[in-house]
Amino acid sequence: MNYLALDASTEACSVALQVNGKTFSRYELCPQSHSLHLLPMIDAVLNEAGIKLAELDGLVFGQGPGSFTGVRIGVGVAQGLAFSANLPVVGVSSLQAMAQLAYIKHGQKEVIAAIDARMSEVYNGYFVLDENNIMQAQQAEAVTPPEKLTEHLSSVAIASFYAVGTGWDAYSEKLGEQLLSLKINEGSPYVLFPTAEAMLSIGKVKLEQGQGVSAEDAQPVYVRDTVSWKKLPGK
C-alpha cells in the first residue's frame with residue numbers, strides 16, 4: 001500500500017511518502033512560510049518515487065494541535081489532494097507524532113508531549129506504546145497553563161517519562177519540580193517538532209484498519225477552541 005503524509009502544524013513543515021515499502025521524505029523548519037514549501041515538497045517526493053498522486057491508497061495529515069494557520073494549511077492541502085485523487089484521509093495528532101518519534105528514534109515507551117501554545121499555555125498529552133508499537137494517548141489531549149500540567153496528569157500513574165516538544169524549554173521553571181524529577185532525558189528534549197514520517201507510521205495503521213474518511217470530513221483539532229486577542233497599550 002502506498003501512502004502520503006504531510007504536516008504543517010508547527011514551525012516544521014514535512015512530508016513523507018511510502019511506496020512499496022520504501023520511504024521518501026522532506027523536512028524543513030520554515031516558520032510562517034508553510035504555504036510556500038508544502039506543495040513543492042510533495043511534488044519532490046512524488047517525483048523521486050516515480051509515482052502519481054492517483055496511484056496512492058491514502059493520505060495522512062497533521063490535524064494539530066499547533067499553529068492555527070499551519071494546521072489550516074495542512075488540512076486544506078490534504079483536502080485538495082484527496083479530492084483530486086479520490087483518496088481516503090486520516091488525521092494524526094501532532095502530539096502523538098512526537099511521542100511516536102521518541103519511540104522510533106530513542107526507543108522510548110512512555111512520553112509526555114508539550115508544545116508551547118503561547119499565551120502562557122502548553123498543548124499536552126501523555127502517551128504509552130501499545131502492542132502494535134503505536135503510541136496511544138492515555139487521556140484526552142489538553143491545553144493547560146504549564147504550572148497546572150502536574151495536576152492535569154494526576155489521573156494517570158506516571159513513574160517516569162520521556163519529554164518531547166517545545167513546551168519543556170519554554171516553561172521549564174513552571175512545570176513543577178515533581179514532574180521534572182520524573183523526566184528521563186536531561187536538558188532540552190531531542191524531539192521538538194512532529195514529522196510527517198512519524199505520522200505516516202501511525203496513519204497507515206488507521207487507514208489499513210478502515211478508519212479513512214472522505215476529503216470533506218478531514219477536520220483540524222485545535223484543542224483550544226477560542227483565542228482572546230488583547231490590544232497592546234498605545235496600539
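So, let's start in strand β5, where Ser93 is the bridge partner of Gly64. Keep in mind that this is a predicted model.

We have an open sheet of 5 strands, in the order β3-β2-β1-β4-β5, and the pairing is mixed. At the edges sit β3, residues 22–29, and β5, residues 89–93, each of which pairs on one side only. On average, neighbouring strands here are turned by 15° against each other, if you ignore direction.

What about the helices on this sheet? Helix α1, residues 34–49, lies across β1 (3–7), β2 (12–19) and β3, and runs at about 20° to β2. Helix α2, residues 68–85, lies across β1, β4 and β5, and its angle to β4 is about 165°.

Let me come back to where we began and take one step along the chain. Ser94 belongs to helix α3, which covers residues 94–106. Is Ser94 buried or exposed? Ser94 counts as buried, because its relative accessibility is 0%, and the cut-off for buried is under 20%.

And which residues does Ser94 touch, leaving aside those up to four places away in sequence? The contacts are Ser9, Gly64, Pro65, Ile115, Pro194 and Met199.

Methods
Residues are numbered from 1 along each chain as its sequence is written. This is a predicted model: local features need pLDDT of at least 70, side-chain atom pairs count only at pLDDT 80 or more; totals for chains, interfaces and linings use all residues. Side-chain values use heavy atoms; hydrogens and water are left out. Helices (H or I, at least four residues) and strands (E, at least two) are DSSP runs, numbered from the N terminus. Buried means under 20% relative accessible area, exposed over 50%, partly exposed in between (1.4 Å probe, protein chains only). Contact means heavy atoms within 4.5 Å. Two strands pair if DSSP finds at least two bridges between them. Axes are lines fitted to C-alpha atoms, for helices over the stretch in contact, and angles run from 0 to 180 degrees between N-to-C directions.
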